Structure formats: structure tokens, C-alpha cells
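Subject: Structure for your review

Dear colleague,

Please find below the structure that I am handing over to you. My findings follow it, and I would be grateful if you read them with the model open.

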Amino acid sequence: MKTILIVDDEPAARYGLRRALEAQYRIAEVHSAEAAREALPREQPDLVLLDVVLPGPGRAVVLAVVAPSKGARWPVLMVSALDTAKTAVEALQLGAADYLVKGFELEELRQRVGNLLKLATLEKRMTPSSGV
């Protein structure tokens, strides 16, 4: 079963995301960027759902950890209440794979998650292993 790590400081938002996805995926939840940094190696998620607005160092810390240069790549779906093109472009420039504005339909969330997981699986299959 694929694992999704939800990073959001709002318990209600984490709850809603978990409830929308838990029938198909194993869900891990954390409330901060620092907690996400600690959880990533332990949980080995297949996808990270990351809130744009986090207290403290925030999303840049999480995106730095999941960046391709670190050797491990977890696709990141940024989730935000901020509905501005500037915020979306910034998230994508920082390395997010996709961006979703809160208030979305649950089916849209499930579809985007499914698409990102399929893409990540294809990328892994196409990447030659280092032992060959």
C-alpha cells in the first residue's frame, strides 16, 4: 500500500485529507516542517501533501529535503488556501510536483494524488538502478 505523508499545522485540514485518502493509502501525519523532516526517512512516503503556509521555517525546509539533489525524491503536492498564481508558481519553482487550492472537490484530490503516484512509479521504472 502506498504511503502519503500529510504536512499541515491545522488538525482539521489533516483530518479531512486523511479521511479522503485513507481508504486507498496508508496515511502519516505531521504538524510542522521540522516534524516532516524527521518523518520522511522513517515513513518513506510515496507522496507528500504539503501545506503552503506552515509556522517556522515552513515549506522550503520540506522541499529542500525532498529535492532531487538529496538522492531521494518524494513528489510533493502543495495544498493551499492561497489562490494566487504567484503562490502556485513559487511552489512549483521550489520543486513541488503540483499545486491544489483548498476548497477542492475530494475527487479532484484523489485524482491528482493518483496521477502523481503513477508518474512517480513510471519515473522509478525508467531510472536505471545504480547497481547495473
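A residue is called buried here if its relative accessible area is under 20%, and exposed if that value is over 50%. Please bear in mind that this is a predicted model.

By this criterion, both faces of strand β3 are covered: Leu 47, Leu 49 and Asp 51 are buried on one side, and Val 48 and Leu 50 are buried on the other. In the count for this strand, 5 of its 5 residues are buried.

Overall architecture

The chain contains 5 helices and 5 strands, arranged along the sequence as β-α-β-α-β-α-β-α-β-α. Of its 132 residues, 44% count as buried. The accessible surface of the chain is about 7500 Å², and carbon and sulfur atoms account for 54% of that area. Where contacts link residues at least 6 apart in sequence, 57% of them join residues at least 24 apart.

The sheet

The 5 strands form an open sheet in the order β2-β1-β3-β4-β5, with parallel pairing. Strands β2 and β5 are at the edges, each pairing on one side only. From one strand to the next, the twist averages 20°.

Strand β3 pairs with β1 in the parallel sense over 4 bridges. Across this pairing, Leu 5 stands opposite Val 48, and Ile 6 stands opposite Leu 49. Strand β3 also pairs with β4, again in the parallel sense and over 4 bridges; there, the bridge partner of Val 48 is Val 76.

Helix α1

Which residues of α1 are buried? In this helix, which spans residues 11–21, they are Ala 13, Arg 14, Leu 17, Ala 20 and Leu 21. These residues lie on the same side of α1, because they cover an arc of only 135° around the axis. In general, an α-helix has 3.6 residues a turn, so residues three or four places apart point the same way. The exposed residues Pro 11 and Ala 12 are on the face of α1 turned away from the buried side. The buried residues of α1 pack against β1, β2, β3 and α5.

The nonpolar cores

The largest nonpolar core has 20 residues, of which Leu 5, Val 7, Val 30, Val 48, Leu 50 and Met 78 touch the most other members. At least two residues of this core come from each of β1, β2, α2, β3, β4 and α4. Helix α2 provides the largest share, 5 residues. A second, separate core of 17 residues includes Leu 21, Ile 27, Phe 104 and Leu 109.

Phe 104

Phe 104 is located in the loop between β5 (98–101) and α5 (106–126). Apart from neighbours within four places in sequence, Phe 104 is in contact with Leu 17, Val 79 and Leu 109. Of these, Val 79 is 25 residues from Phe 104 in sequence, with a C-alpha to C-alpha distance of 9.6 Å, while Leu 17 is among the buried residues of α1.

With kind regards

Notes: Residues are numbered from 1 along each chain as its sequence is written. This is a predicted model: local features need pLDDT of at least 70, side-chain atom pairs count only at pLDDT 80 or more; totals for chains, interfaces and linings use all residues. Side-chain values use heavy atoms; hydrogens and water are left out. Buried means under 20% relative accessible area, exposed over 50%, partly exposed in between (1.4 Å probe, protein chains only). Contact means heavy atoms within 4.5 Å. Accessible areas come from the Shrake-Rupley method with a 1.4 Å probe; for residues, only the protein chains shown count as cover. The arc is that of the directions from the helix axis to the C-beta atoms. Two strands pair if DSSP finds at least two bridges between them. Axes are lines fitted to C-alpha atoms, for helices over the stretch in contact, and angles run from 0 to 180 degrees between N-to-C directions. A nonpolar core is a set of buried Ala, Val, Leu, Ile, Met, Phe, Trp, Tyr and Cys residues joined through side-chain atoms within 4.5 Å.
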